[in-house]
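This report goes through a structure step by step. Please look at the sequence and the 3D view before reading on.

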Amino acid sequence: MFDAMNSVSQLPLQTSGLSKKITEAAEESRETLQMAWFGDLQLPALPSQWSVQQVKAWAAKNEATPIILQLIESEQIDGRTFLMSTVDDFTFPTMGHRIRFRNALESLKVINERGLRSADEPAAPPEYEI
């Protein structure tokens, strides 16, 4: 019986065509996603594209308390949702924490808007020599 189980466990896993396509699409989107440095964190250049874990990592470096980090996780606050929040959506132990977090969050919103604007701007037409 164990010989049969061992032989089955050594067979290569079969993946459906659909799951293979999904995996390939995910890998392709990761490759085309532009990354940028936010302090010592390398994250997608557009904060609106951040995952919950990426928001949590950024928040941890920018005055977020353990309660805020837990809130981000439990409420599944991704980049898009995070950018719609305000400092009043969170609680802080001191006014200094609140102000620094607000400034950092406002900077993220500006970075995201600039990135979206530059992505929407058409490329300059090619220059031709006459």
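## Terms and model

Contact means heavy atoms within 4.5 Å. This is a predicted model, in which local features need pLDDT of at least 70 and side-chain atom pairs count only at pLDDT 80 or more, while totals for chains, interfaces and linings use all residues. Residues are numbered from 1 along each chain as its sequence is written, and side-chain values use heavy atoms, with hydrogens and water left out.

## A loop residue

T65 sits in the loop between α3 and α4; helices (H or I, at least four residues) and strands (E, at least two) are DSSP runs numbered from the N terminus. T65 counts as buried because its relative accessibility is 13%; buried means under 20% relative accessible area, exposed over 50% and partly exposed in between (1.4 Å probe, protein chains only). Leaving out residues up to four places away in sequence, T65 touches T91 and P93.

## One side of helix α3

Helix α3 spans residues 52–60, and its buried residues are V52, V55, W58 and A59. These residues lie on the same side of α3 because they cover an arc of only 130 degrees around the axis, taken from the directions from the helix axis to the C-beta atoms. The buried residues of α3 pack against β1 (35–38), β2 (41–44), α4 (66–74), α5 (79–84) and α6 (95–120).

## Helix α6

S118 is found in helix α6. With a relative accessible area of 45%, S118 is partly exposed.
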